[in-house]
Amino acid sequence: MTRFASMLVLALTIAVCGLAGDRSGGTPIPHRVIPMEEFAVFVNNWNDSSMPHYAIIGNIQEWKAEFSPAATMGNNKPFQPDPALFNDNVLVAISRVSDAPAPGQKVLILNSLVHSGGEAVVTYTFLPPAGKATHKVKNTLLIMMPAKFQDGIRFIEDEQTPESLAAQAELEAAKAAGRFKPQPLPQGQQPIMAPPPQQAQPMMAPPPQQPPVGAPRR
């Protein structure tokens with residue numbers, strides 16, 4: 001089952017991808033940040049939109065519990081990743097509500113993903129757009145990482161606060177309640193990356209209609 005919780009803390013401006021380090025030490029965990037633009041989905045609502053929402057997704061059923069299809073005309077993007085991705089990987093999703101950002105503006109930035117003290121520690125930055133926007137949006141940071149680190153994951157939005165400690169306790173309570181049960185991993189498999197979005201084929205104009213044989217010309 002999907003495990004999730006909420007946490008509110010301060011923000012820090014550091015952007016790192018690939019094998020990210022950590023200010024407090026730890027061993028970098030191989031990972032990939034998957035742009036949400038690769039999928040035609042939106043994250044489902046959660047209880048308190050003023051707080052972060054965390055999810056650890058280990059199969060397609062858990063993906064569907066977190067995301068809903070965004071069906072639009074002319075869409076060529078998939079609604080879900082290849083199920084084979086979950087053979088030895090999990091997806092970690094961090095979601096936040098903010099004012100609508102400018103095109104290309106990043107609201108959630110991964111700072112580091114390391115293994116430290118028996119945990120996978122995910123440190124990220126929340127950068128809500130300055131000023132007022134006409135509407136709110138749900139932003140999601142989606143991270144693929146090896147499933148062997150799924151049994152203990154801690155999220156840090158820069159600094160620990162009473163709210164963040166309460167959120168971590170909620171995660172542990174969800175685990176104790178059996179809402180998230182890691183599956184045994186197959187041996188000797190390489191991580192499978194999410195497939196690239198399909199490219200739309202160009203539409204060809206239909207050939208001009210020819211008048212029937214014997215019909216008078218105008």
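Me: Before we start, a contact here means heavy atoms within 4.5 Å. With that in hand, what share of the contacts with a separation of 6 or more comes from residues 24 or more positions apart in this predicted model?

Reply: In the protein chain, such residues account for 81% of those contacts.

Me: Thanks! Why is R32 said to form a salt bridge with E38?

Reply: The rule asks for a side-chain nitrogen of Lys or Arg within 4 Å of a carboxyl oxygen of Asp or Glu. The closest N and O atoms of R32 and E38 are 2.9 Å apart, so the pair passes. By this rule the count comes to four salt bridges.

Me: And what makes R32 partly exposed, and E38 buried?

Reply: Buried means under 20% relative accessible area, exposed means over 50%, and partly exposed lies in between. R32 has 21% relative accessibility, so it falls in the middle class. E38 comes to 11% and therefore counts as buried.

Me: Nice. How do you know that K136 and D99 meet in a salt bridge?

Reply: Their side chains are 2.9 Å apart, N to O, which is within the 4 Å limit. This pair links distant parts of the chain, with K136 in strand 9 and D99 in strand 6, 37 residues apart.

Me: Are those two partners buried or exposed?

Reply: One of each! K136 has 58% relative accessibility, which is over 50%, so K136 counts as exposed. D99 has a relative accessible area of 13%, under 20%, and is therefore buried.

Me: Why are strand 2 and strand 4 called edge strands?

Reply: The four strands of this open sheet come in the order 2-9-6-4, with antiparallel pairing. Strand 2 (32-34) and strand 4 (53-57) each have a single partner strand, so one side of each is left without a neighbour in the sheet. Neighbouring strands here are turned by 25° against each other on average, direction ignored.

Key. Residues are numbered from 1 along each chain as its sequence is written. This is a predicted model: local features need pLDDT of at least 70, side-chain atom pairs count only at pLDDT 80 or more; totals for chains, interfaces and linings use all residues. Side-chain values use heavy atoms; hydrogens and water are left out. Two strands pair if DSSP finds at least two bridges between them. Helices (H or I, at least four residues) and strands (E, at least two) are DSSP runs, numbered from the N terminus. Axes are lines fitted to C-alpha atoms, for helices over the stretch in contact, and angles run from 0 to 180 degrees between N-to-C directions. Buried means under 20% relative accessible area, exposed over 50%, partly exposed in between (1.4 Å probe, protein chains only).
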